[in-house]
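Hi,

Here's the structure I promised to pass on. Have a look at it first, and then read my notes below.

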Amino acid sequence: MMKSKEAIILLEKYENGTITKEELALLESWYNHEASIGKAEITDEELEANLAGIWNALPQAPEESKRLRLWPLITVAASLFAVLSIGFYFYNLNKTQKNDTMALLSNEITPGGNKAYLTLANGKRISLTEAENGTLAKQEGVTITKTDDGQLIYKVANSGINGGVSAFNTIETPNGGQYQVLLPDGTKVWLNAASMLTYPVNFGKNERRVELSGEGYFEVAKNKLKPFRIKTDRQEVTVLGTHFNVNNYKDETKASTTLLTGSVSILNLKSSERAILKPDEQGILNEKSLSVQQVNAEDAIAWKNGEFLFNDEPLESIMRQISRWYDVDVEYRGVNRADRFGGSVSRFENVSKVLEKLELTGGIHFKIQHRTIIVTN
């Protein structure tokens with residue numbers, strides 16, 4: 001018995017010339033049946049009911065005559081395939097009108113991956129997605145290498161570097177991208193989607209300073225004589241050697257720094273407030289003030305470990321995370337964006353799986369149109 005997905009597969013085989021005589025006959029019979037009743041949409045159950053006996057009842061006509069009778073398919077194959085791929089798979093879901101299902105298009109939106117752009121000091125811009133693995137450039141005695149696991153490595157090749165003024169590089173991840181950088185001092189940085197890190201090819205004698213926009217997780221190499229400083233548009237974070245996460249997206253109402261190990265100093269650049277974080281503490285910077293709260297620090301780096309983790313978060317904040325990772329737009333229709341939701345799901349699932357998890361919490365539904373997620377009650 002042929003299901004709608006199988007019909008799509010047979011149409012693909014017909015188009016590329018790999019279809020067998022038996023498959024051709026089955027497809028012809030299915031097409032003639034659907035054309036005769038003029039249906040534009042059909043469920044799997046209807047297909048099974050109407051085509052249950054077709055396979056055994058097919059006449060063993062010569063291959064040439066079967067091919068000739070199927071020629072009219074050529075003029076409609078493209079449009080029929082589009083109808084199948086968009087309509088058939090979700091027709092049965094829509095027909096049931098269940099509140100816990102979504103009318104998603106079959107062109108599923110896949111998760112992000114290792115995508116980034118590197119801009120060298122001379123202005124040359126390199127797509128790390130397209131660049132071959134291996135050495136990308138050499139600057140100031142430093143070799144820049146791309147690995148096959150989504151990592152950019154800076155390795156000091158000349159131990160005689162004087163530590164003077166250095167050239168700067170920038171790595172930028174787009175929506176739907178992430179990347180890892182190993183800086184010349186041994187510090188590891190994981191960049192989330194829609195983030196940018198600017199850093200010197202060689203750190204100076206007295207400090208290690210970088211600039212961040214977006215979100216990054218840092219494992220800073222210890223150096224008591226050379227503090228590591230991260231500057232954003234709202235704060236400056238200073239460490240000697242520790243593990244922490246900085247979230248500083250411009251479209252978020254607050255910035256946060258979450259400490260896993262060691263100690264971190266935070267400076268509010270607008271008010272000059274300071275705070276010292278201990279492990280499992282989070283410094284939150286909003287428009288008015290800097291505050292510190294106790295948290296489970298591992299929750300803050302769920303993204304780095306391949307998970308979405310929503311812990312009683314506002315809907316609008318959740319959808320911004322989804323929008324950045326899947327590179328989609330979001331449209332709200334009659335919902336309260338401040339409503340809070342929770343749950344966890346792998347970031348490497350297709351977007352429909354993430355939305356299904358959110359729907360299970362109740363009171364919210366989603367529909368995908370092209371690359372826009374529509375949020376409704």
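This is a predicted model: local features need pLDDT of at least 70, side-chain atom pairs count only at pLDDT 80 or more; totals for chains, interfaces and linings use all residues.

The axes of α8 and α9 cross at roughly 170 degrees and come within 11 Å of each other. Axes here are lines fitted to C-alpha atoms, for helices over the stretch in contact, and angles run from 0 to 180 degrees between N-to-C directions. The two helices α8 and α9 are therefore roughly antiparallel (angles under 35 degrees count as roughly parallel, over 145 as roughly antiparallel, 65 to 115 as roughly perpendicular and the rest as oblique). From α8 the contact takes I318, M319, I322 and Y326, and from α9 it takes V351, V354, L355 and L358; contact means heavy atoms within 4.5 Å. Sorted by type, the residues of this α8 and α9 contact come out as 8 nonpolar, no polar and no charged. For that sorting, Ala, Val, Leu, Ile, Met, Phe, Trp, Tyr, Cys and Pro are nonpolar, Asp, Glu, Lys and Arg are charged, and the others, Gly among them, are polar.

Residues are numbered from 1 along each chain as its sequence is written, and side-chain values use heavy atoms, with hydrogens and water left out. Helices (H or I, at least four residues) and strands (E, at least two) are DSSP runs, numbered from the N terminus.

So what do the helices sit on? Helix α8 (residues 315-326) lies across β21, β23 and β24, and runs at about 155 degrees to β21. Helix α9 (residues 351-359) packs on the sheet too, touching β23 and β24, with its direction at about 160 degrees to that of β23.

The sheet itself is open, with 3 strands in the order β21-β24-β23 and mixed pairing. At its edges are β21 (329-333) and β23 (365-369), each pairing on one side only; two strands pair if DSSP finds at least two bridges between them. Neighbouring strands are turned by 25 degrees against each other on average, direction ignored. Between β23 and β24 (residues 372-376) there are 5 bridges in the antiparallel sense, and I368 has I373 in β24 as its bridge partner.

**Strand β11**

Further back in the chain, have a look at β11 (residues 208-219). Of its 12 residues, 9 are buried, so this strand is largely enclosed by the rest of the structure (buried is under 20% relative accessible area, exposed over 50%, partly exposed in between, with a 1.4 Å probe and protein chains only). Its pairings look like this:

- β9 (residues 188-191): antiparallel, 4 bridges, with V189 partnered by F218 in β11.
- β10 (residues 195-200): antiparallel, 3 bridges, with L197 opposite L212 in β11.
- β12 (residues 228-231): parallel, 4 bridges, with V210 opposite I230 in β12.
- β14 (residues 243-248): antiparallel, 6 bridges, with G216 partnered by V246 in β14.

Lastly, A302 is in the loop between α7 (297-300) and β20 (307-314). Is A302 buried or exposed? Buried, with a relative accessible area of 6%. Leaving aside residues up to four places away in sequence, A302 touches E307 and L309.

Cheers
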